[in-house]
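Thanks for coming. Please have a look at it first.

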Amino acid sequence: MSSERLYAFSPETKERLRKFRLGTSRAKEPQALIYIVDTKSQEIRAEDGEVYTKMEDLADELPESSPRFILLSYPLTLGSGRLSVPYVLLYYLPENCNPTQRMMYAGAVELMRNTAEVNRVIEVESDEDIISIESKLQSED
């Protein structure tokens, strides 16, 4: 069974995803949005619509036992001196999340990746992974 039928995006959410992707490509600071899979409606949607610019604030907002998707646009200067703005999906999967939620998010990750049009998915499992994401982005570009 395809995840297309299991999970859905509202037209508003799809439009917000598009605007976020287009609007962050020239950002001077990190931009992050948290997305959840609504267990009742099976809809993938923004958790609260807040755009985070500090990784510490983002890490503070994440639950200790529930997965989340985080869209992240992160401007950085590469070793060559070139400016790069990777647009990635952070797949937040804390160690102690319940198996049902783990399966639900695992089933939705490719749909989220394709709908958000991100270049790459990075799995993170702790606050520290989020706060130190720049080093991961630097090493993989």
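Accessible areas here come from the Shrake-Rupley method with a 1.4 Å probe, and for residues only the protein chains shown count as cover. On that basis the accessible surface of the protein comes to about 7,700 Å², and carbon and sulfur atoms hold 46% of it.

A word on the source. This is a predicted model, in which local features need pLDDT of at least 70 and side-chain atom pairs count only at pLDDT 80 or more, while totals for chains, interfaces and linings use all residues. Residues are numbered from 1 along each chain as its sequence is written, and side-chain values use heavy atoms, with hydrogens and water left out.

Now the overall layout. Helices (H or I, at least four residues) and strands (E, at least two) are DSSP runs, numbered from the N terminus. There are 6 helices and 7 strands in the protein. Read from the N terminus, the order is α-α-β-β-α-β-β-β-β-α-β-α-α. The radius of gyration, taken over C-alpha atoms, is compared with a globule rule of 2.2 Å times the number of residues to the power 0.38. The protein has 15 Å, close to the 14 Å from the rule for 141 residues, so it is as compact as a globular protein of that length. The C-alpha trace spans about 45 × 30 × 25 Å along its principal axes.

How much of the protein is buried? Buried means under 20% relative accessible area, exposed over 50%, and partly exposed in between, with a 1.4 Å probe and protein chains only. Of the 141 residues, 45% count as buried. Arg-18, in helix H2, is partly exposed because its relative accessibility is 39%.

That brings me to the interior. In soluble globular proteins, nonpolar side chains tend to be buried together. A nonpolar core is a set of buried Ala, Val, Leu, Ile, Met, Phe, Trp, Tyr and Cys residues joined through side-chain atoms within 4.5 Å. The largest one here has 25 residues, and Tyr-35, Val-37, Ile-44, Phe-69, Leu-71 and Met-112 touch the most other members. Elements that each supply at least two residues include strand S1 (31–37), strand S3 (68–73) and helix H4 (99–116). H4 gives the largest share, 7 residues. Apart from this core lies another, of 20 residues, among them Tyr-52 and Val-88.

Last, take Val-37. Contact means heavy atoms within 4.5 Å. Beyond its neighbours within four places in sequence, Val-37 is in contact with residues including Tyr-7, Phe-69 and Ala-108.
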